[in-house]
Amino acid sequence: MVSKVENFLGIDVGGTSIKAGLINRTGDLLQDETIPTERFSNNETFLLGITSLLQKFNLSNVKSIGIGTPGPIDIENQIILSSANIPNIKNVKLGEHLSKITTLPIFFNNDANCASLGEYHFNELSKTDSLIVITLGTGYGCGWVYGGKIFNGFLGNGMEAGHQTVVLNGAICGCGNKGCVESYFSTRGLLGRFKEKTNLELKDAKSFFKLVEKNDEDAIEVLDFGVLAFAHSIKNIVHMINPNKVVMVGGITKSKDFFYDKLINHLKNIIFPVLYSNLKIEIGKEMSGFYGAASQGFE
Ligand SMILES: [Zn+2]
């Protein structure tokens, strides 16, 4: 008998919480649950947390489970190799664990790829053949949805566009390398470069953009360089894969009024006209990460 259930469960593993949501194909939210991440001291407690989260849902009402986690991951074996946001967990065999709890199909990918797929499925304006989504939050993530499918690369670690070198021998990135665009245009990047310049520690992107609003010279200088670095990262992506849309999502986009026009001006100057004339650069829909994670089950 073919299952008539058309609800999809999505789980979004984040640095501060794990959010799960049950949605249908049109993106209506039927149930959502959250558990805090901080209490996970090792793989075992993390997996117990996932189990307790799943127990809050009636799984007989679910067609598939999709998970999005920070990378790097092993997509084929459904393993979280490590996570900068949850440093206590390593080589977590998430797929193997879930297969002991449920026989439902499990889909697994990194969080930026899931966010890209969510943008593709739930923002009508983003349903294009070659869609790049850049997530601008704590870090800089990226995903490419091509012909309606996530481009995974080998084992699911393709499109790590946040770690393109944009400044030779530049600022140290969380990944250990120097000059990655994430070190210039993300919350971590903007706050880090601002601290380097002023020795002042800001608590979040909001306080950084407040300074920009007040015409703080240092903040503006850090932002302007960040936008230039960001523009070059987009240039690289566009020249490599020729998307017809680049969509930005995430916390930083709330402050788009302070950078969008500058970004477009740079892009006009540095992207080949033949590529730029068919390109749209937009701010995407704000939605919880579990939407994209769940939509992995749509295919
Ligand atoms: Zn890096």
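## Contacts along the chain

Of the contacts in the protein with a separation of 6 or more, 64% are between residues 24 or more positions apart, where two residues are in contact if their C-beta atoms, placed from the backbone, lie within 7 Å. The model is predicted, so that local features need pLDDT of at least 70 and side-chain atom pairs count only at pLDDT 80 or more, while totals for chains, interfaces and linings use all residues. Residues are numbered from 1 along each chain as its sequence is written.

## Overall build

The protein has nine helices and 13 strands, these being DSSP runs numbered from the N terminus (helices are H or I with at least four residues, strands are E with at least two). Its radius of gyration is 19 Å, close to the 19 Å that the globule rule gives for 299 residues, so the protein is as compact as a globular protein of that length; the radius is taken over C-alpha atoms, and the rule is 2.2 Å times the number of residues to the power 0.38.

Buried residues make up 43% of the 299 residues, a residue being buried if 20 or more other C-beta atoms lie within 10 Å of its own, exposed if 12 or fewer, and partly exposed in between, with C-beta atoms placed from the backbone.

## Two domains and their contact

The domain assignment, which is automatic or taken from a database, gives domain 1 (7-114 + 288-298) and domain 2 (127-283). The C-alpha centres of domain 1 and domain 2 lie 26 Å apart, and twelve residues of domain 1 are in contact with ten residues of domain 2. On the side of domain 1 that touches domain 2, β5 (73-74), β8 (106-110) and α3 each supply at least two residues, and the largest share, three residues, comes from α3.

## A mixed sheet and the helix across it

Five strands form an open sheet with mixed pairing, in the order β11-β10-β9-β12-β13, and two strands count as paired if DSSP finds at least two bridges between them. The edge strands, β11 (149-150) and β13 (280-283), each pair on one side only. Within this sheet, β9 (residues 130-136) and β12 (residues 245-249) pair in the parallel sense over five bridges, and isoleucine 132 stands opposite valine 246 in β12.

Helix α3 (residues 111-122) lies across β9, β10 (140-146), β11 and β12, and runs at about 50 degrees to β10; axes are lines fitted to C-alpha atoms, for helices over the stretch in contact, and angles run from 0 to 180 degrees between N-to-C directions.
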